[in-house]
Amino acid sequence: MKRIGLLFLFIAAGLYSHAQFEIRPLVGINFGNVQEEPDGVSTSAQVGYQIGGNFVIGGRFHLYPGISYNQQVTEYIDDEANVSVDQTIAGIEIPICAGFKFINPEDEDFFNIRAFAGPTLNFHTTTEYSEGFLDDEVDWNDVTWGARVGAGVDLAFLFIDFSYDIGLSDAHDVSEALENFEDTRHNTFLISAGVKLKFGG
């Protein structure tokens, strides 16, 4: 993880002298759920959170990478047995997005509307079902990929982002004990807000 942090610093330092550069510390909440519910089980997205920061490198067209700690919780409910367990997935999330500001920032720096999209890379540090549910049967994946689309609003030194992550990788492999969990990819809706720290430009 230290190498990833150093990579971001080198990229930022290399582009700093050539373009506008912003650091955007953020906090937010998220709601993550599986793309397909297992047979006989219903699922419900619980409130998760993220804390970290994004970087704006460029002007109207810009790079919008970031790094944050992200925790998602999904509740699995077996209606027939009347039992439920929570699935918790947490770790470091790195979106590598490109963005566009609908208003030219050279003409208007107080207010703007943005759109952004790109891949996300997730390094999981916590992967578990509550109550020790099938701990020995689940083969979790340490790294997963996703695709992010989103929009944001800038107002003075503040910003808010709304984004949707589409899971491209399974959270864990299918086992005999979880044979009806054929699709464990997650989709996540995120709301993040923070401040803009502008340098250069």
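How much accessible surface does the protein have, and what share of that surface belongs to carbon and sulfur atoms? The accessible surface comes to about 10600 Å², with 59% belonging to carbon and sulfur atoms. Areas come from the Shrake-Rupley method with a 1.4 Å probe.

## Model

This is a predicted model, in which local features need pLDDT of at least 70, side-chain atom pairs count only at pLDDT 80 or more, and totals for chains, interfaces and linings use all residues. Residues are numbered from 1 along each chain as its sequence is written, and side-chain values use heavy atoms, without hydrogens and water.

## Fold

The protein has 1 helix and 11 strands. These are DSSP runs numbered from the N terminus: helices are H or I, at least four residues, and strands are E, at least two. From the N terminus on, the order is α-β-β-β-β-β-β-β-β-β-β-β.

Of the 201 residues, 42% count as buried (under 20% relative accessible area, 1.4 Å probe, protein chains only).

## Cavities

The whole structure holds 3 cavities of 30 Å³ or more. A cavity is a set of points on a 1 Å grid over the protein atoms alone where a 1.4 Å probe fits but cannot get out; lining residues have an atom within 4 Å of a point. A volume is the space filled by probe spheres set on the points.

The largest cavity has about 280 Å³ of space. Among its 24 lining residues, Q72, N122, H124, T144 and H186 are the closest to its centre. Strand 4 gives the most to this lining, with 5 residues. The second largest cavity has a volume of about 140 Å³. Its 16 lining residues include L26, N54, P95, R148 and S192, the closest to its centre.

Methods. Buried means under 20% relative accessible area, exposed over 50%, partly exposed in between (1.4 Å probe, protein chains only). On a 1 Å grid over the protein atoms alone, a cavity is a set of points where a 1.4 Å probe fits but cannot get out, and a pocket is an open set with protein on both sides within 12 Å along at least five of seven lines; lining residues have an atom within 4 Å of a point.
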